[in-house]
Amino acid sequence: KEPYPKLKELLKQYVSALKPPEEIEESIDIDAEIPMSYMTPDLINIVEGFEPYGQANAPLVFQLNGVKIAELELIGKSDKQHVRMLVDTRSYKWPAVFWNASQRVGKDFTLGDTVDLVFRMGRNYFQNTETLQLTILDIKPS
């Protein structure tokens, strides 16, 4: 007699219901959709008011619609897998980085496009200079 026949049957059902990794859609929890008029440097004060971030307190994630890609550059040590851009929110232009997204340039977005962004806001420290920067988590055409 086969040991644990009920367990074996349950496992078969479970495994048959699993989707391959390429079929699983990732989801991003968005904390707030930001009106374009709120996209000023003062927004960092609100963002930093929710710190410190950690496992029980994830960084804030925002959505912003109708943003124009004013500049776009592929970056990376040798393989240029990341995207640096300047996004225009009408009253302010924001430096932004979209990690591991170079393969999406020309397919999902390109220079001059108007897009919807999902992002985090933070500070970037480079060569003794501090700037505000958006870290893009997703992007789609408006």
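Is E48 buried, partly exposed or exposed? E48 is partly exposed, with a relative accessible area of 25% (buried means under 20%, exposed over 50%, partly exposed in between, with a 1.4 Å probe and protein chains only).

This is a predicted model: local features need pLDDT of at least 70, side-chain atom pairs count only at pLDDT 80 or more, and totals for chains, interfaces and linings use all residues. Residues are numbered from 1 along each chain as its sequence is written, and side-chain values use heavy atoms, without hydrogens and water.

**Salt bridges**

- The whole structure holds five salt bridges (a side-chain nitrogen of Lys or Arg within 4 Å of a carboxyl oxygen of Asp or Glu).
- R123 pairs with E48, the closest N and O atoms being 2.5 Å apart.
- R123 lies in strand β5 and E48 in helix α2 (residues 43–49), so this pair ties together parts that are 75 residues apart in sequence (helices are DSSP runs of H or I with at least four residues, strands runs of E with at least two, numbered from the N terminus).
- R123 is partly exposed, at 31% relative accessible area.
- R104 meets D138 in a salt bridge of 3.0 Å, N to O.
- R104 sits in the loop between β4 and β5 and D138 in strand β6, so the pair links parts that are 34 residues apart in sequence.
- D138 is partly exposed, with a relative accessible area of 30%.
- Shared partners join E48, R123 and E130 into one salt-bridge network.
- R104 also forms a salt bridge with D108, at 2.6 Å, N to O.

**Pockets**

- The largest pocket holds about 310 Å³ of space.
- A pocket is an open set of points on a 1 Å grid over the protein atoms alone, where a 1.4 Å probe fits, with protein on both sides within 12 Å along at least five of seven lines; lining residues have an atom within 4 Å of a point.
- Its volume is the space filled by probe spheres set on the points, which are joined across faces, edges and corners.
- β4 (93–98), β5 (114–126) and β6 (129–141) each give at least two residues to the lining of the largest pocket.
- W99, Y125 and F126 are among the residues lining the largest pocket.
- The second largest pocket has about 210 Å³ of space.
- Its lining includes R104 and D138.

**Buried strand residue**

- V67 is found in strand β2 (residues 62–75).
- V67 counts as buried, at 0% relative accessibility.
- The C-alpha atoms of V67 and D79 are 27 Å apart, and the two are twelve residues apart along the chain.
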